[in-house]
Amino acid sequence: MKTPFTINRITTNFGIFKVKGVWCSKYKTIVSEDISSLQVMGTDGWVCLNHKSKDCAQCIDKLLPELLLQLKI
């Protein structure tokens with residue numbers, strides 16, 4: 001079962017992010033394809049990232065474990 005989630009602010013050692021997507025609450029997993037919106041805090045506010053680009057894939061991969069920690073709480 002896919003459950004929608006929104007994390008309005010998640011602080012990591014590589015940036016501050018706002019994330020929307022879905023996660024599998026039964027198996028407690030998220031994959032990069034489950035992310036529907038990704039923003040990073042820039043100097044002038046939130047900056048939308050192209051979450052479907054190959055350039056952003058590495059950032060999403062680093063972010064996934066942090067997201068799971070937030071969602072399991």
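1. Where does Asp34 lie? Asp34 is found in the loop between S2 and S3, where helices (H or I, at least four residues) and strands (E, at least two) are DSSP runs numbered from the N terminus. The structure is a predicted model, in which local features need pLDDT of at least 70, side-chain atom pairs count only at pLDDT 80 or more, and totals for chains, interfaces and linings use all residues. Residues are numbered from 1 along each chain as its sequence is written, and side-chain values use heavy atoms, with hydrogens and water left out.

2. On the overall build, the chain holds one helix and four strands, and from the N terminus on these elements run β-β-β-β-α. The C-alpha atoms of the chain fill a box of roughly 35 × 25 × 20 Å, taken along the principal axes.

3. Among contacts in the chain with a separation of 6 or more, 41% are accounted for by residues 24 or more positions apart, a contact being heavy atoms within 4.5 Å.

4. On the sheet, the four strands form an open sheet in the order S1-S2-S3-S4, with antiparallel pairing, and two strands count as paired if DSSP finds at least two bridges between them. Its edge strands are S1 (2–12) and S4 (45–49), each of which pairs on one side only. Neighbouring strands of this sheet are turned by 20° against each other on average, direction ignored. Helix H1 (residues 54–72) packs on the sheet and touches S1, S2, S3 and S4, while its direction makes about 105° with that of S1; for such angles, axes are lines fitted to C-alpha atoms, for helices over the stretch in contact, and the angles run from 0 to 180 degrees between N-to-C directions.

5. On the pairing of individual strands, S2 (residues 15–24) and S3 (residues 35–42) pair in the antiparallel sense over five bridges. Across this pairing, Val19 stands opposite Leu38 in S3, and Phe17 stands opposite Val40 in S3. S3 and S4 also pair in the antiparallel sense over five bridges, and they form a hairpin with two residues between them. Leu38 has Leu49 as its bridge partner in S4.

6. On Val40, a residue of strand S3, the contacts beyond four places in sequence are with Ile16, Phe17, Gly45, Trp46, Val47 and Leu49. The C-alpha atoms of Val40 and Cys24, 16 residues apart along the chain, are separated by 24 Å. By contrast, the C-alpha atoms of Met1 and Cys24, 23 residues apart along the chain, are separated by 5.6 Å. Met1 lies in the segment before S1 and counts as exposed, at 71% relative accessibility.

7. Leaving aside neighbours within four places in sequence, Asp34 is in contact with Lys2, Lys20, Gly21, Val22 and Thr29.

8. On the cysteines, the count of disulfides comes to zero, a disulfide being a pair of cysteine sulfur atoms within 2.5 Å. The sulfur of Cys48 is too far from any other for a bond, because the closest cysteine sulfur, in Cys56, is 11 Å away. Cys48 is exposed, with a relative accessible area of 61%. Cys59 is likewise in no disulfide, and its nearest cysteine sulfur, that of Cys56, is 5.1 Å away.

Technical notes
Buried < 20%, exposed > 50% of the residue type's maximum accessible area, 1.4 Å probe, protein only.
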